[in-house]
Amino acid sequence: MKIAMIGAGYVGLVTGTCFSELGNCVLCVDNDVEKIKKLKKGIIPIYEPGLDELVHKNTKAKRLSFTSEIEEAVQVSDIIFIAVGTPPRENGEADLSSVEKVSSIIADVMTEYKLVVGKSTVPVNTGKWIKRTMNIRNTKGIDFDVASNPEFLREGSAINDFLYPDRIVIGVESERAKSILYELYKPIDAPILVTDIESAEIIKHASNSFLATKISFINAISILCERAGADVKKVAEGMGLDKRIGSDFLNAGAGFGGFCFPKDLSAFIKIAEDLGYDFRLLREVEQINEEQKKGIVKKIRENLWNLRGKTIGVLGLSFKPNTDDIRYAPSIDIIGELIKEGVKIKAYDPKAMERTKKIFPNITYCKDAYEVCDGSDALVILTEWDEFKNLDIKKVKDLLKTPIIVDGRNIFDPETLKEIGFVYTGVGRK
Ligand code: UDX
């Protein structure tokens with residue numbers, strides 16, 4: 001099939017590349033001319049395991065190409081995916097101006113049937129607006145369909161998530177659109193749930209909000225555990241063994257971040273508000289997440305007494321492992337707070353240092369974890385990269401000025417560390 005992927009950001013680039021891997025002919029479009037120039041040269045603007053190889057393989061096979069000419073892409077394609085950014089406004093609402101602009105251009109340019117599929121995370125009823133916008137401009141009365149096909153890709157495992165998803169959701173209002181999308185997803189072995197467009201749009205926000213709720217729930221339990229002398233890891237294990245609960249997304253820690261959960265939560269709260277419902281539960285989920293980040297700073301303060309003039313080593317800057325993404329990462333809030341308190345920061349992250357330099361140009365960036373430890377008054381873990389789990393912990397102790405670890409991701413065993421002589425504080429642990 002011939003596909004236009006409008007928006008070569010994270011979602012568009014990964015999804016477009018994966019569709020080409022399935023044998024389709026994909027043209028990725030972006031109005032960022034520099035980005036397109038780089039992509040044409042094979043330079044991938046984001047770090048995502050396996051993406052480089054797939055882009056190169058499919059570009060070489062001429063199934064994947066890039067352009068900044070949206071008109072050309074619309075004309076040559078049967079299916080047009082809208083994967084443009086929907087960034088949050090001040091009030092949490094998603095900014096849909098790019099979606100509107102793209103819908104208008106498609107309507108202006110199309111000369112034959114097109115299936116226009118919403119891929120970006122959008123508020124419910126966006127499909128209706130796309131259709132309305134296109135209808136107004138579609139003066140020649142050309143046939144088209146609008147559909148919603150939300151993505152559930154996780155950064156760091158996006159390609160695997162695309163190729164082996166738990167489910168595929170398609171929101172359609174015609175048999176024609178349904179059969180085109182069925183055909184497109186035929187090579188993937190996963191249940192396909194067909195709904196109306198509005199339900200598909202809500203499924204995306206509801207899923208992300210539910211997962212964020214799970215994390216805030218276990219983070220709230222972690223506070224109870226600390227006060228009662230229980231271990232949140234054991235509590236989560238005990239809860240997760242119940243199939244109705246499941247063990248995923250029950251890791252207590254420094255809070256959730258990334259460009260999806262925080263943004264989608266506040267957008268969903270705003271969507272609910274617009275529909276006349278005060279989603280108090282989700283406001284609390286947000287609140288708990290904010291407190292969780294503050295809780296890490298509190299733990300550092302409780303260990304070090306006075307913060308002013310102290311040096312703190314930070315391991316992990318990305319919002320989670322296997323990505324260089326620092327958007328809404330807990331590390332940003334926590335480091336910002338520590339700097340305000342007069343702390344000197346030494347930091348290391350396997351992938352996210354270049355991006356962090358733009359926010360904190362004046363902290364010390366180290367070549368590895370051991371350099372971070374050298375001379376620091378305490379070590380703080382903010383992202384659970386595998387290489388931190390395998391550190392030579394005795395060497396860490398020798399390098400630190402004082403053997404204090406605040407483990408914001410519970411990667412170490414408290415007993416082992418205490419035996420070695422560390423003053424160890426995890427999240428929700430004895
Ligand atoms: C999420 C959704 O999982 C994905 O389906 C959607 O399409 C995009 O948003 P992503 O943002 O890549 O994906 O990351 P995810 O792996 O879901 O983690 C989100 C945040 O939650 C991270 O900051 C992570 O550290 C945190 N988290 C996750 C926890 O704190 N505890 C957990 O148990 C799980």
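**View 1. Ser266 in helix α11.** Ser266 belongs to helix α11, which spans residues 261-274; helices (H or I, at least four residues) and strands (E, at least two) are DSSP runs, numbered from the N terminus. The model is predicted, so local features need pLDDT of at least 70 and side-chain atom pairs count only at pLDDT 80 or more, while totals for chains, interfaces and linings use all residues. Residues are numbered from 1 along each chain as its sequence is written, and side-chain values use heavy atoms, with hydrogens and water left out. Ser266 counts as buried because its relative accessibility is 19%; buried means under 20% relative accessible area, exposed over 50%, and partly exposed in between, with a 1.4 Å probe and protein chains only. Not counting residues up to four places away in sequence, Ser266 touches Gly92 and Glu286, where contact means heavy atoms within 4.5 Å.

View 2. Which residues come nearest to the ligand? Of the 18 residues around the ligand, these are Glu155, Asn251, Gly257, Phe319 and Lys320; a residue is near a molecule or strand if one of its heavy atoms lies within 4 Å of it. By class, the shell holds 9 nonpolar, 3 polar and 6 charged residues. In this scheme Ala, Val, Leu, Ile, Met, Phe, Trp, Tyr, Cys and Pro count as nonpolar, Asp, Glu, Lys and Arg as charged, and the others, Gly among them, as polar. Helix α9 (residues 197-228) gives the most to the shell, with 3 residues.

View 3. An N or O atom in the side chain of Glu151 is 3.3 Å from an oxygen atom of the ligand. Phe152 places a backbone N or O atom 3.0 Å from an oxygen atom of the ligand, and for a polar side-chain atom of Lys320 the distance to an oxygen atom of the ligand is 2.9 Å. The ligand taken alone exposes 670 Å², of which the protein buries 93%. Such accessible areas come from the Shrake-Rupley method with a 1.4 Å probe; for residues, only the protein chains shown count as cover.

**View 4. The buried face of helix α10.** In helix α10 (residues 232-240), the residues Val232, Ala236, Met239 and Gly240 are buried. Seen down the axis of α10, these buried residues fall within an arc of 95 degrees, so they line one face of the helix; the arc is that of the directions from the helix axis to the C-beta atoms. An α-helix has 3.6 residues a turn, so residues three or four places apart point the same way. The cover over the buried residues of α10 includes α9. At the start of α10, a side-chain oxygen of Asp231 comes within 2.9 Å of the backbone nitrogen of Lys233.

**View 5. Asn24 in the loop between α1 and β2.** Asn24 sits in the loop that joins α1 (10-21) and β2 (25-29). Is Asn24 buried or exposed? At 8% relative accessibility, Asn24 counts as buried. A polar atom of the Asn24 side chain lies 3.1 Å from the backbone nitrogen of Met1, and a polar atom of that side chain is 2.9 Å from the backbone oxygen of Phe19. Leaving out residues up to four places away in sequence, Asn24 touches Met1, Ile3, Phe19, Arg63 and Leu184.

View 6. Arg409 is placed in the loop between β13 (404-407) and α18 (414-420), and at 15% relative accessibility Arg409 counts as buried. The side chain of Arg409 reaches the backbone oxygen of Gly255 at 3.0 Å, and a polar atom of the Arg409 side chain lies 2.9 Å from the backbone oxygen of Leu382. Beyond four places in sequence, the residues that Arg409 touches include Phe319 and Pro330. Asn410 lies in the loop between β13 and α18 and is buried, with a relative accessible area of 3%. Although Asn410 is not a glycine, its phi is positive, at about 50 degrees.

Terms used
A polar contact is a pair of N or O atoms within 3.5 Å; within protein, one must be able to donate a hydrogen and the other to accept it, and residues adjacent in sequence count only if both atoms are side-chain atoms.
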